[in-house]
Amino acid sequence: MKRAVLYVCHGSRIPEACEEAVAFIKRCQEHIEADIQEISFLELASPSIQQGFDICVKKGATHISVVPLLLLTAVHAKKDIPVEIQKCRETYPAIKVNVGRPIGVHDKMAESVIKKIEDAAFIDSSSVAILIGRGSSDPDVKRDLSAIADLVLKGTKLRAVKTCYLTAATPSFSETLESVRNTDLNIIFIPYLLFTGMLMKGIETDIRGTENEQIILGDYLGYDSLVEEAFLDRVKDSLWNRGESHAAYHD
């Protein structure tokens, strides 16, 4: 038996975003015991999932764990990746495949958010943190981000921890920002995003436009050591699952 891990990054038109993801995966690979470890992208970059799968097979893999580098469970995890993996199964029916979960709700992710909040501003019982999610029509995204917000609240002295979304879910970031525009509370927005890019630039512009010094933008999650620990848990979960998985993504 020869085990492989095929990591699936989201992909981006911004080269720096793909480079950040690859550098992060390479750090993680140092802590994973597997015969073969390859990196692929869901979209907008190469190699594709099918190309990455091909490479694993050509290197002799008999078992492949496919692990998505995704923050939350949504359409990419439930539909897009499984569709690609099914094509791979049809091409290589003898290969055993485990499909890992997105990071999802994890204590280390809450710790990462808390660190970003504390780095951004002094917090006390009058401070409010607001997590900005990318957004999805999938209700699991709201469920998971709300669960992370609850963990953050339990781990701090914050007055409240709320959530909002850039697209496809409510409350929207723009509505939320407007609702606090004239606040005299300390409001700390934390983008729940893995990489920088056009989304971050838009958030920065909108928050500057409030001209309210009480509204502070913290750093996006990025690929810090806490995110690394959470992701490694998901990789190891997939490797330990010796049976064949058909990608049921539910915590």
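Author: Start with helix α8, residues 225-240. It lies across β1, β3 and β4. Its direction makes about 155 degrees with that of β3. Contact here is heavy atoms within 4.5 Å. Axes are lines fitted to C-alpha atoms, for helices over the stretch in contact, and angles run from 0 to 180 degrees between N-to-C directions. Helices (H or I, at least four residues) and strands (E, at least two) are DSSP runs, numbered from the N terminus.

A word on the basis. This is a predicted model: local features need pLDDT of at least 70, side-chain atom pairs count only at pLDDT 80 or more, and totals for chains, interfaces and linings use all residues. Residues are numbered from 1 along each chain as its sequence is written, and side-chain values use heavy atoms, with hydrogens and water left out.

β1, β3 and β4 belong to an open sheet of four strands, with the order β2-β1-β3-β4 and parallel pairing. Two strands pair if DSSP finds at least two bridges between them. The edges are β2 (36-41) and β4 (96-99), each pairing on one side only. On average, neighbouring strands here are turned by 20 degrees against each other, direction ignored. β3 (residues 63-68) pairs with β4 over four bridges, in the parallel sense. Across that pairing, I64 stands opposite V97 in β4.

α3 leads on to the largest pocket. α3 (75-91) and α1 (15-29) each supply at least two residues of its lining. The largest share, four residues, comes from α3. On a 1 Å grid over the protein atoms alone, a pocket is an open set of points where a 1.4 Å probe fits, with protein on both sides within 12 Å along at least five of seven lines; lining residues have an atom within 4 Å of a point. The volume of the largest pocket is about 480 Å³. Its lining holds 26 residues, and H10, L70, L71, H76 and R134 are the closest to its centre. By type, the lining has 18 nonpolar, six polar and two charged residues. Ala, Val, Leu, Ile, Met, Phe, Trp, Tyr, Cys and Pro count as nonpolar, Asp, Glu, Lys and Arg as charged, and the others, Gly among them, as polar.

The second largest pocket has about 240 Å³ of space; a volume is the space filled by probe spheres set on the grid points, which are joined across faces, edges and corners. Of its 15 lining residues, S12, I14, R134, F195 and M198 are the closest to the centre. The lining divides into seven nonpolar, five polar and three charged residues.

Next, the other sheet. Four strands form an open sheet in the order β6-β5-β7-β8, with parallel pairing. Its edge strands are β6 (160-165) and β8 (215-217), and each pairs on one side only. Neighbouring strands are turned by 25 degrees on average, direction ignored. β7 (residues 186-191) and β8 share three bridges in the parallel sense. F189 stands opposite L217 in β8. Helix α7 (residues 198-208) packs on this sheet and touches β5, β7 and β8. The direction of α7 makes about 160 degrees with that of β8.

Helix α5 (residues 139-154) lies across β5 (127-133) and β6, at about 155 degrees to β6. Five of the six residues of β6 are buried, so this strand is largely enclosed by the rest of the structure. Buried means under 20% relative accessible area, exposed over 50% and partly exposed in between (1.4 Å probe, protein chains only).

Finally, the loops. Most residues other than glycine have a negative phi, and most peptide bonds are trans. Past β6, A168 sits in the loop between β6 and α6, with phi near 60 degrees. A168 is exposed, at 57% relative accessible area. P171 lies in the loop between β6 and α6 (173-179). The bond from T170 to P171 is cis, with omega near -5 degrees. Another cis bond joins S46 and P47, with omega about 5 degrees. P47 is in the loop between β2 and α2 (49-58). E211, in the loop between α7 and β8, has a positive phi near 55 degrees. E211 is exposed, at 74%.
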